[in-house]
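Please examine the sequence and the structure shown below. A short report follows them.

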There are 2 protein chains.
Amino acid sequence: MPYDPSAFPPFAVTVDLVVLTVRRHALCALAVRRGEEPYKGMWALPGGFVRANEDLATAAARELAEETGLRAHDQGSRSPGAHLEQLATYGDPDRDPRMRVVSVAHLALAPDLPSPTAGGDARSARWAPVDALLGVGDAEVREGEYKSPLAFDHGDILAAGVERARSKIEYSSLATAFCPPEFTVGELRRVYEAVWGVVLDPRNFHRKVTGTPGFLLPSGGTTTRQGGRPAQLFRAGGATLLNPPMLRPEV
Amino acid sequence: MPYDPSAFPPFAVTVDLVVLTVRRHALCALAVRRGEEPYKGMWALPGGFVRANEDLATAAARELAEETGLRAHDQGSRSPGAHLEQLATYGDPDRDPRMRVVSVAHLALAPDLPSPTAGGDARSARWAPVDALLGVGDAEVREGEYKSPLAFDHGDILAAGVERARSKIEYSSLATAFCPPEFTVGELRRVYEAVWGVVLDPRNFHRKVTGTPGFLLPSGGTTTRQGGRPAQLFRAGGATLLNPPMLRPEV
DNA sequence: GCAATAGTGTCTATTAGACAATATTTC
DNA sequence: GAAATATTGTCTAATAGACACTATTGC
């Protein structure tokens, strides 16, 4: 296998982003409207070319900042920002009709943002429930075919990102990435309920999360923003891997 | 963000393979010796360029066949072959000194093969214990620096593949990918012990794996190839996700 | 018999889940 | 007081892990 630097097929490399948040009890993803062919007018995931001297993670963080204004923090940082990790790479030769494009998809988890499209191209970006973007439930089974309204293979990418998020909040403290810096146990429970699409017992959930070492740190304050008895405020603890894990209920 | 197909930086895209197997009670990886600069004479992971009209998974399967003669089966196939899945993508601008190369790493799990290098470039490929390739244990901590003998960033890639395998055999039936088509509970246990680097109780292990629905299917025969009382032979069952999972012992 | 591995049974400490009861706020 | 949410406590069925014991081979 001789390695001839002048005889390799040229590729374009992009990063695409699955940016998830929880809004109004629903798991939502950031979608941008395409202004050009192909797939003109359809929704797509945000993304763009990797620059000539740019790492993949840097490119993903740059795109995230351009689209949302969020700064990515890699692991364990406490700054107000988003969790960002690599998801998977998509390189089917026909995935883009114009040329050979390999896309390194990334997954970002963000707290609910004040404005859906703070920076950048405002009127062409929005948060949409992932069920709608994946074509779940809005159409009956028409000859077994579910149609995603997303361009390219972005429906596949979004599905992979959602599944990664659903499984990863089981055994890591990643669910706190959907919460503001200070949050209550009830708010964290509503994150789990939205991401998994289930209803959890508030009493067992409370015992579980407060009993898992390193998951939550009491910040001292209380809040009553949910109504009812004031709840303690917590910050994310240092633990990244939860032991014992939060178990997703059986189907 | 205008999308100009003529103004994208060109990349080379390769696939690199972490091929794992269990030999003589040790987790081993396939390594090839580099015949050219840079890193001439060092060990590296097998890999190569993705062709112009080739999918990433196809390229990985082709490289795997070229290096080992193994055919990859994606999910759930029963043919004698290897498990193959995408691992992660590495694209640091400086990872290859010659040019900008993005490598899509894949993880392959294979049963112990009769000959280390059946096909291809025989004398320059071998199975090596992953601990040796990662520089674990063979040198004392010299100023906190562990040196992997692998070229490029292949030490990082191998470490990621090993960790993926270690965690994935917990909650999936992937450990059977290290076994021949028919195997005993004791052989499967030795796979877990080699991959995790622990000693497991044979009695509890037996109860656990035979009690997990869909994990193992009795094939009817017995064998005595391990000495002692003859053991039942099993095949991998249809289940891919184990419930309950096999729990790795605490550290 | 002895050594080795396979396989079954039993006991205990821990845990997940169901759900009762109490606490503290707003209306 | 009624309604809502937070928080603690209790009970039970299931389970992981420790380990005794039996089974079946080769020597």
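## Basis of the model

This is a predicted model, in which local features need pLDDT of at least 70 and side-chain atom pairs count only at pLDDT 80 or more, while totals for chains, interfaces and linings use all residues. Residues are numbered from 1 along each chain as its sequence is written, chains are lettered from A and ligands numbered from 1 in the order in which they are written, and side-chain values use heavy atoms, with hydrogens and water left out.

## Makeup of chain A

Chain A has five helices and ten strands; these are DSSP runs numbered from the N terminus, helices being H or I with at least four residues and strands E with at least two. Of the 251 residues in chain A, 50% are buried, where buried means under 20% relative accessible area, exposed over 50%, and partly exposed in between (1.4 Å probe, protein chains only).

## The largest nonpolar core

A nonpolar core is a set of buried Ala, Val, Leu, Ile, Met, Phe, Trp, Tyr and Cys residues joined through side-chain atoms within 4.5 Å. The largest one holds 45 residues, and A:Leu20, A:Leu158, A:Leu188 and A:Tyr192 touch the most other members. Elements that each supply at least two residues of this core include β1 (12-23), α3 (154-171) and α4 (185-196) of chain A. The largest share, seven residues, comes from α4(A).

Leaving aside neighbours within four places in sequence, A:Leu158 is in contact (heavy atoms within 4.5 Å) with residues including A:Val18, A:Leu20, A:Ala29 and A:Leu45.

## Helices α3 and α4 of chain A

The axes of α3(A) and α4(A) come within 9 Å and cross at roughly 145 degrees. Such axes are lines fitted to C-alpha atoms, for helices over the stretch in contact, and angles run from 0 to 180 degrees between N-to-C directions. In this pair, A:Ala165, A:Arg166, A:Ile169 and A:Glu170 of α3(A) meet A:Tyr192, A:Val195 and A:Trp196 of α4(A).

## Backbone features

The peptide bond from A:Asn243 to A:Pro244 is cis, with omega near 5 degrees; A:Pro244 is placed in the segment after β10 (231-236) of chain A. B:Glu37 and B:Pro38 are also joined by a cis peptide bond, with omega about -5 degrees.

B:His25, a residue other than glycine, has a positive phi near 65 degrees, and B:His25 counts as exposed at 61% relative accessibility. B:Phe152 likewise is not a glycine and has a positive phi of about 50 degrees, but B:Phe152 counts as buried at 17% relative accessibility.
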